[in-house]
There are 2 protein chains.
Amino acid sequence: MPALDKDQLAALREVGRAWDRTSASPRAWRQALPIDPSLGAYPPARDFQPEGFTRLVSAPVRDGQLPAIETRRSAEVPPTSAARFGQSVRRALLGPPLDASAIAMERMRKLVALPVLSADALSSVAYAPEALLTVLVLAGLPGLSYSVPVGAVVIFLMLSVGLSYRQTIRAYPQGGGSYIVASQNLGRVLGLAAAAGLLIDYVMTVAVSIASGVAAITSALPSLKAGTTWIGVGVIVVLLAGNLRGVRQAGAVFAAPTYAFIGAIAALVIGGLVHAAGRGFQPPPVRHLTASEGLSVLLVLRAFASGSTAMTGMEAISNAVPAFKPTEWRNARTTLTCMITLLIAMFAGVLAIAKLTGVVPEASQTVLSQLAHLSFGDGPLYIYIQGSTAAVLLLAANTAYNDFPRVLYLMARDRMAPRSFLEIGDRLTFRNGIVLLSVVSALIYAAFAGYTNALLPLYAVGVFLAFTLSQTGMVVHWRRHRDDPHWRRSLALNGTGAVMSGIVFIVAGITKFFSGAWVAIVLIVVIIVVALRIRRYYDRAGAQLALRPEQGRTATSPPELASPRVPPARRGDRGDERSADGLEAETAEDPGQITNLTIVPLTVLDQPSMRALAYAAALGQPVFALHVSPTTNEANRFSGYWQTWGDHLPLEVVVSPHRAKVAPLVNYIWTLHRQWPDVTLTVIVPEIVTRRWWHQILHDRVARRLRHALRGLPGVVVTSMPFHLVTTTDRHPPPRA
Amino acid sequence: MPALDKDQLAALREVGRAWDRTSASPRAWRQALPIDPSLGAYPPARDFQPEGFTRLVSAPVRDGQLPAIETRRSAEVPPTSAARFGQSVRRALLGPPLDASAIAMERMRKLVALPVLSADALSSVAYAPEALLTVLVLAGLPGLSYSVPVGAVVIFLMLSVGLSYRQTIRAYPQGGGSYIVASQNLGRVLGLAAAAGLLIDYVMTVAVSIASGVAAITSALPSLKAGTTWIGVGVIVVLLAGNLRGVRQAGAVFAAPTYAFIGAIAALVIGGLVHAAGRGFQPPPVRHLTASEGLSVLLVLRAFASGSTAMTGMEAISNAVPAFKPTEWRNARTTLTCMITLLIAMFAGVLAIAKLTGVVPEASQTVLSQLAHLSFGDGPLYIYIQGSTAAVLLLAANTAYNDFPRVLYLMARDRMAPRSFLEIGDRLTFRNGIVLLSVVSALIYAAFAGYTNALLPLYAVGVFLAFTLSQTGMVVHWRRHRDDPHWRRSLALNGTGAVMSGIVFIVAGITKFFSGAWVAIVLIVVIIVVALRIRRYYDRAGAQLALRPEQGRTATSPPELASPRVPPARRGDRGDERSADGLEAETAEDPGQITNLTIVPLTVLDQPSMRALAYAAALGQPVFALHVSPTTNEANRFSGYWQTWGDHLPLEVVVSPHRAKVAPLVNYIWTLHRQWPDVTLTVIVPEIVTRRWWHQILHDRVARRLRHALRGLPGVVVTSMPFHLVTTTDRHPPPRA
């Protein structure tokens, strides 16, 4: 529950005063209750520790009167076998629920933080050099000769963005994601643009990382090629289950593959150097390459944009500053520097070795796989390199699983995404965001059949939009904080980062516009528009749902009714513009403002009906029964039965010659409501509940249809009186047969 | 509503007496009501004539106080544009609703009854001779030479079954379908077997007739051949709409095509005779026919079984005896005789002409089409013959639309089919049966892609099972009615019919067992089993739902409670075998037996919550609020707000450290119920209702999930307090903003 502001507290107090005048005293209410009022209502949370691993929390035990929590089976209500089975599966997959106290996050040492937070960034070395070369090779050998200068520009980009983020870490020690930085400094819309870019980025990260990881596997085992789609989707399902279970804290799981991958690239570079040295660093033998495109500025720019995808995941450390040991921002900055250095070294190394050995992208094998084959043949080192590449790529997807739900959480906190993304599941994970990410990325992965490069155009646009906005936001930040001793230098660094990222954003947007970037741009716009509309919706809904200060006061005018049992005269004539919505009866805030009228719709006179009548009368409010008959004869017969029963309650009969049952009832109630808009109409609907859902077909659906139809009527309260049939299981005979 | 029997009336009276003791006087209830009690509750049905063609019936107008019925738009509640559009479409397709008084069926003259009731039977001349020849031709020329003797046996069969039905008409002047005759004379299971056979028969009639009708069209226009499936499904949709609209009475629609078809067959026979006479009745030139099978007894029997499908639809007249003008049974019998004569003449004529002209079944063209070509070329007479054949076949399908829902209605009346088949729609049709028939037959037609002969094996089994059981039932009938002057002759005739139909049933079942008859047999068994289970279910459910005589008396023991507001001491210990079902609180039949406890589950303190609290307090029953907090801090904060409000009602807080919201509430309520099984717990759930369904995603679903979870709990009544958000349409600003 969000905290109430001062106005709302005042309204609450005001509303309470109205109760003082119109309701029985609190003591009277309490005395009427069977619940022991002496019970402390808030026992410490430890008392509610569930027995076994049940997901249910016990009701407070008072003086031994109320039974303690049930054993797992009986406490799960309703205890259908399907529900039990579902819960067992859930528990086996996701583990027992976690207590909120576990939310205190472990602080990470730098040596742990580096692999955990940089898996995404470092793993991009597995595909970014290849993406760069794949574009250049289109222009044949002359194109490939540009790999060194283009790579150099990408490295400069990494350097400047890396230095930029060092500034962000210092400025936002509570964590400075693009969404936060952009919306705090550039306003709501640009913040949303950054968030939209990130959301797309994360979906793409999952799809691209898994595609690359699967490609690393199928390069080693070509026989698995046919199953590419299924392997990838399977990995996403594993990631989904793992993240729902909450693998976030499993630092060791991340550390091993990331360090193994760093070692693998080092081995590759050294092996390549040895290989080249064996040939005396001669230029590699010239292979015939068919150029499908001429060498052009556009081609080189496209290669640059593709190579820049190496920079995804760079934001992770600046997001997670609070997770470091103190002094947090200092440690985070050191880790970032370390990561950038590694990234540049690995990226440059792979490009250089490819150049030296003359390896060229092929459809059947990744560049890394070719390089590994060249240096190490098919031996265990090859398998190690491919294995660690696949592992780190699959783990990189996991980084997105941390950040995607977090961005949605931040948006939801600002009321720009559905509130359900705020929910923390019983495993302390943002369940809904995790599921959404899995579904969307699995669909995209399957649609592209795991072909990585087709996905990259969508990727770069989102990432670099977020980078640009984040860095631009930082420029604004420093201009506002000119008291900072280093603000000029920081502004310069962030400015350079912003310009560089902006250039990549524009280059990627233009060069890849028709090959997919337009999709990303359209998606970003759509996300912004939807988020703004959600915000507007929540603002309006909130205004209606919140307690309003003036309401308590205006509502305390003494009720005009002589007796609370008799509704006031018809008021439909006044306040027509309000009665168009018919919401008068929905503003009542204290019992004195409510005048009840109870209606029991009946089609037959059977046990459920009699029970509904008895219940309605027991409430002690004015009540009448409403019967719909298809003919006058039928109506007379019903009335006869009513007399036999004793005519204890007023009966109204509507003859419906067209045999409609629900529509005449709704029409009657609607008309009644319009006549007395201030009266709260309670409709008590007897409803037969069967043990098996398919038995419900054998009963009419009048109750359900009536409830559905009345749902839209203002001032009408629908009470469902369930009547439980015991028919299928012979173990439970009918209560009295 | 079904009539109450003597015991139930006594129970009603007894229950009423309990009310006398525990409830306020009827006069007091009436005085508390805003409804004018002087209003006669049953104005004649004419007063409820809807204005325009609205489907809604007005609430009774009393002293001008209650507004008269709304105009069509505003009376339809909720007035969403989608609902309005749906209703307009419905009305355009199906016409305005009909008053029950229109149910008085027009009596038919014999000249009208003949075409209306025999369209199905006579139309089978279009496919039965062909089906017979198609089997024989498998054995080549020697096979075809058997067409005359096999045809003669079929004609003898027609004669004997026809004479049998003459007896049935005399014995069952209220209409004697196979289901009625068989179940009255042979018992429930055999009655169901007949019904199952008929149900399958009717589905097959639709599929086969439409397939043949479409074949007649595509024989004339081969270019339409590719669209066979779509044309047939389209015809079923038209039949569906027409029958929902209620075309039953449209005698003229039937008369024309049927008589035209009779004329067409006559023309064909005459044309064929002329053609044969032109050749001096020489045997037709011998064509080379490749025999794919040897001539065998089995083949001849199969041909016989196929030819017997000419007899479908023979039951129609005996079903519809009450629809004739008086003396009904006499007129019906004359019409039946007439129909049999025509059927035999047409069947024999077509077979004879085919023999004389040497026409042989071909895949590309029907036999009738070939005969017509032969005599009349491509001229207007050919078109007339094909057109009238197609028309009568499509109309024949319509006969099934009359009878299929009627059989289901009769079964539902005997509680052996879902009650919904009893419903008469606002067009006085058995809506649900019509829809079911359409869906099933369209699926079958599409699955077989309109290839008629593949469907025939399923057909014959059902028809002849029903015939056999019906005639056997008549034999039993006559043995029981030996006072009838002609019982011996009637018994002999029905006996012959039974034996003949039985032979065909066995022949069809054996010869076509593997080509599809087994499906029909399995289906019949499944239908019988399901119907018996439905009956058992309804019997058990009825026993629980009905008013029971002993109940009123046992329940009138004076309530043990000192004050109706305070629940009795815990009673969970007694009557454990009953409390296993936890249904104690569901047996109350008068207000004195009900002790209420109201619970308001809250997650936040906003307008809907305050309204739910006010409503709960206004009911005047013991009430407390139930809050679920994820942490103790949160719980303390909520409690603080509660104090600010004034602590008017008792508050219980459950801390749910795993953040589950619904499960702790359900568990709490369930535990409370087990502690006080005799207390009726009313749970008042505030529920936000949005104007657009997709806005509902933006709110949590706690209310809905809670309602769903509580549905299974006995003795728990769920009240839904809707709170209507006005957010989307700018025309309706929030009430107070």
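Modeller: Among contacts in chain A (a contact being heavy atoms within 4.5 Å) between residues at least 6 apart in sequence, 79% join residues at least 24 apart. This is a predicted model, in which local features need pLDDT of at least 70 and side-chain atom pairs count only at pLDDT 80 or more, while totals for chains, interfaces and linings use all residues. Residues are numbered from 1 along each chain as its sequence is written, chains are lettered from A and ligands numbered from 1 in the order in which they are written, and side-chain values use heavy atoms, with hydrogens and water left out.

Chain A has 27 helices and five strands, where helices (H or I, at least four residues) and strands (E, at least two) are DSSP runs numbered from the N terminus. Of its 737 residues, 56% count as buried; buried means under 20% relative accessible area, exposed over 50% and partly exposed in between, with a 1.4 Å probe and protein chains only.

Two packed helices are described by the angle between their axes and the distance between the axes. Here axes are lines fitted to C-alpha atoms, for helices over the stretch in contact, and angles run from 0 to 180 degrees between N-to-C directions. With helix α13(A), residues 297-307, α6(A) packs at an angle of about 165°, the axes being 7 Å apart. That angle makes α6(A) roughly antiparallel to α13(A), since angles over 145 degrees count as roughly antiparallel, under 35 as roughly parallel, 65 to 115 as roughly perpendicular and the rest as oblique. The crossing of α6(A) and α13(A) is right-handed; a crossing is right-handed if the near helix is turned clockwise from the far one by less than a right angle, and left-handed if anticlockwise. From α6(A), A:Ala128, A:Ala131, A:Leu132, A:Val135 and A:Leu136 take part in this contact, and from α13(A) A:Leu299, A:Arg302, A:Ala303, A:Ser306 and A:Gly307. By class, the contact of α6(A) with α13(A) has seven nonpolar, two polar and one charged residues, with Ala, Val, Leu, Ile, Met, Phe, Trp, Tyr, Cys and Pro counted as nonpolar, Asp, Glu, Lys and Arg as charged, and the others, Gly among them, as polar.

The crossing of α6(A) with α15(A) is right-handed. In that contact A:Ala128, A:Pro129, A:Leu132 and A:Leu133 of α6(A) meet A:Phe347, A:Val350, A:Leu351 and A:Ala354 of α15(A), a set with eight nonpolar, no polar and no charged residues.

In chain B, B:Ser306 lies in helix α13(B), residues 297-307, and at 3% relative accessibility it counts as buried. Leaving aside neighbours within four places in sequence, B:Ser306 is in contact with B:Ala128, B:Ala131, B:Leu132, B:Val135 and B:Lys512.

As another packing pair, the axes of helix α5(B), residues 110-123, and α17(B) come within 8 Å and cross at roughly 120°, in a left-handed crossing. B:Ala119, B:Asp120 and B:Ser123 of α5(B) make this contact with B:Val392, B:Leu393, B:Ala396 and B:Thr399 of α17(B); four nonpolar, two polar and one charged residues are involved.

Turning to burial along a helix, 27 of the 33 residues of α10(B) are buried, so this helix is largely enclosed by the rest of the structure. In helix α9(A), residues 178-186, the buried residues include A:Ser178, A:Tyr179 and A:Val181, and just after that helix A:Gly187 takes a positive phi of about 100°.

Most residues other than glycine have a negative phi. Phi of A:Arg415, however, is near 60°, a positive value in a residue other than glycine; A:Arg415 sits in the loop between α17 (380-413) and α18 (431-447) of chain A and is partly exposed, with a relative accessible area of 34%. Phi of B:Arg415 is likewise near 60°, and B:Arg415 lies in the loop between α17 (380-413) and α18 (431-447) of chain B, partly exposed at 35% relative accessibility.
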